[in-house]
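Take a look at the chain shown below. Turn it around once before you read on.

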Amino acid sequence: MMTGLVLELASIQASIPSPPVEWSRFQLGPLTIHVYALCLLTGGLIGGWLAYRRWKKKGGPEDPFFSIIMWAVIFGIIGARLYHVVSSPDAYFGPNYDGTGDLTKIWQIWNGGLGIWGAVALGAVGAWIGCRRAGLRLSAFADAAAPGVLLAQAIGRWGNYFNQELYGGPTTLPWGLEIDPTNASFPAGLPADTLFHPTFLYEFFWNLAGVALILLLDRKFKFQRGAMFWLYVAVYTAGRTWIEMLRIDEAQMITILGITQRLNVWTSLLMFLISVVLFAIMATRPRRTGLDIVYLPGKAPEETTEITEAEAPAVAASSSSHRETPAESGETQTKLEGNPTEKS
C-alpha cells in the first residue's frame, strides 16, 4: 500500500496553477476593476516610493518630484501601448496587415499589452519636460528613479499571471505554469495538461535581484550623470533577452544576418550594448558637487544661512571681538590725521 502511494505521488507533476479566469477582474459597483491594472498601480506606487526616497537623499526638491512623475507616467503609458501595438500588430491590423484585425482593441489597455521600451522612451520625454519646467537635471532624476522603475516592473509582471498571458514554451520543470486550455492564447495542438515556462516569474525574480544589485553598487560608487539609469537598462536587458526568447506569444519577427528573432529580443540586445557603453562613459566623468547634482546651471536656489536662538550669543561675541576699542580708534585717527604740532 505504501509503495503504491509513493508511486502515485511520484507520478504527479509539480506545477504552478494559474488563477481562474474570473479572478482577472471583479465588480466594484458599476466599475469593472482589472487585476492587471491593480498590479501595475501597486508596482508604480511602491517603485515611486523608492524613487522619492532616493530623490530626497540626493537633495532634490520635493514639490517638483510629483509633477515630473505625472509627466513621465502619462507619456510612458502612451509609449508603452504604442510599442506593444507595433511589436504585436496582428490583433489590431490582422496578419500581414490585411485589415482583419480590430482597431478598437488598441485602446483596451486593461486587457494587457504594454511594451517597456515604449514606456521608457516616451516616459523619459515626459520626465525631461517636467525637469526642464522645474530647472532640474534629467540625469539626476533618472539616477534616483532607476531602481524604482525596475521594482515597479517586477511587481507589474504579476498582472500577466492573472491574465494568463506572455508565458513561455512547454516545459517539464517542477515550476511549470498551468494555463487554462480554453484560454484563447493556449497553443493549438498541445495536450490540455501541458505546462509552460512562467516567464512572468522569471522576470519578477530577475528584476528583484537587479534592484538589489544596482542599489548595492550605487551605495559603493555613488553614481551620477545618468550612470545609474544606464546600469538599470543593462541589468534589465541582460535578463529580458533570454526571457523573451522563451516566450511563444505572437510577436513581430525580425531577421538579421540570417537569424530570425522576436523584435523585443533584438531591441533588448541593442539596448544592452548601448547601455553598457553609456554607463562606462557616464561612470568615469568628473563628479558634480553641491546643488549642481540636481539643478541645471543657474537654476539652483540661493543658499541662505539662518541664525538660530542658540547660535545668537556666539555670533554676537564673534562680532564684538572685531570691533575697534576706543584706544584703537584714537590711534587710528592719529595715524590718519598726523601730529597736530608738526608743520606741513
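The paragraphs below go from the whole chain to single residues.

This is a predicted model, in which local features need pLDDT of at least 70 and side-chain atom pairs count only at pLDDT 80 or more, while totals for chains, interfaces and linings use all residues. Residues are numbered from 1 along each chain as its sequence is written, and side-chain values use heavy atoms, with hydrogens and water left out.

Start with the whole chain. It holds twelve helices and six strands. Here helices (H or I, at least four residues) and strands (E, at least two) are DSSP runs, numbered from the N terminus. The chain has 344 residues, and 39% of them are buried. Buried means under 20% relative accessible area, exposed means over 50%, and partly exposed lies in between (1.4 Å probe, protein chains only). The accessible surface of the chain is about 20600 Å², with 66% of it belonging to carbon and sulfur atoms. That area comes from the Shrake-Rupley method with a 1.4 Å probe; for residues, only the protein chains shown count as cover. Now consider contacts, meaning heavy atoms within 4.5 Å. Of those between residues at least 6 apart in sequence, 72% join residues at least 24 apart.

Next, find helix α3, residues 62-87. How far apart are its end C-alpha atoms? They are 37 Å apart, which agrees with the 38 Å that its 26 residues should span at 1.5 Å a residue. The expected span is 1.5 Å times one less than the number of residues. Several residues of α3 are buried, including Phe65, Ile68, Ala72, Gly76 and Gly79. An α-helix has 3.6 residues a turn, so residues three or four places apart point the same way. The cover over the buried residues of α3 includes α2 (35-57), α5 (116-134), α6 (138-156) and α10 (263-283).

Step back to α2. Ala37 sits in this helix. Ala37 is partly exposed, because its relative accessibility is 37%. Ala37 and Ile109 are 72 residues apart along the chain, yet their C-alpha atoms are separated by 8.6 Å. Beyond its neighbours within four places in sequence, Lys58 contacts Ala140, Asp143, Ala144, Phe223 and Val294. Lys58 and Ala144 are 86 residues apart in sequence, but 7.7 Å apart in space, C-alpha to C-alpha.

Move on to Arg157, in the loop between α6 and α7 (158-163). An unreviewed UniProt entry annotates Arg157 as "binding site". Such annotations may be inferred rather than shown by experiment; positions use the numbering here and feature names are shortened. Is Arg157 buried or exposed? Arg157 counts as buried because its relative accessibility is 12%. Leaving out residues up to four places away in sequence, Arg157 touches Leu166, Phe200, Glu203, Tyr236, Arg240 and Arg247.

Now look at a hairpin. Strand β5 (residues 253-256) pairs with β6 in the antiparallel sense over four bridges. Two strands pair if DSSP finds at least two bridges between them. Met253 stands opposite Arg262 in β6. Two residues lie between the strands, and Leu257 takes a positive phi near 55°. Gln261 belongs to β6 (residues 259-262). Gln261 is buried, because its relative accessibility is 18%. Its contacts beyond four places in sequence are Met245, Gln252, Met253, Ile254 and Trp266.

Finish with the cysteines. Cys39 is buried at 10% relative accessibility, and Cys131 is buried at 1%. How many disulfides does the whole structure have? The search finds zero, where a disulfide is a pair of cysteine sulfur atoms within 2.5 Å.
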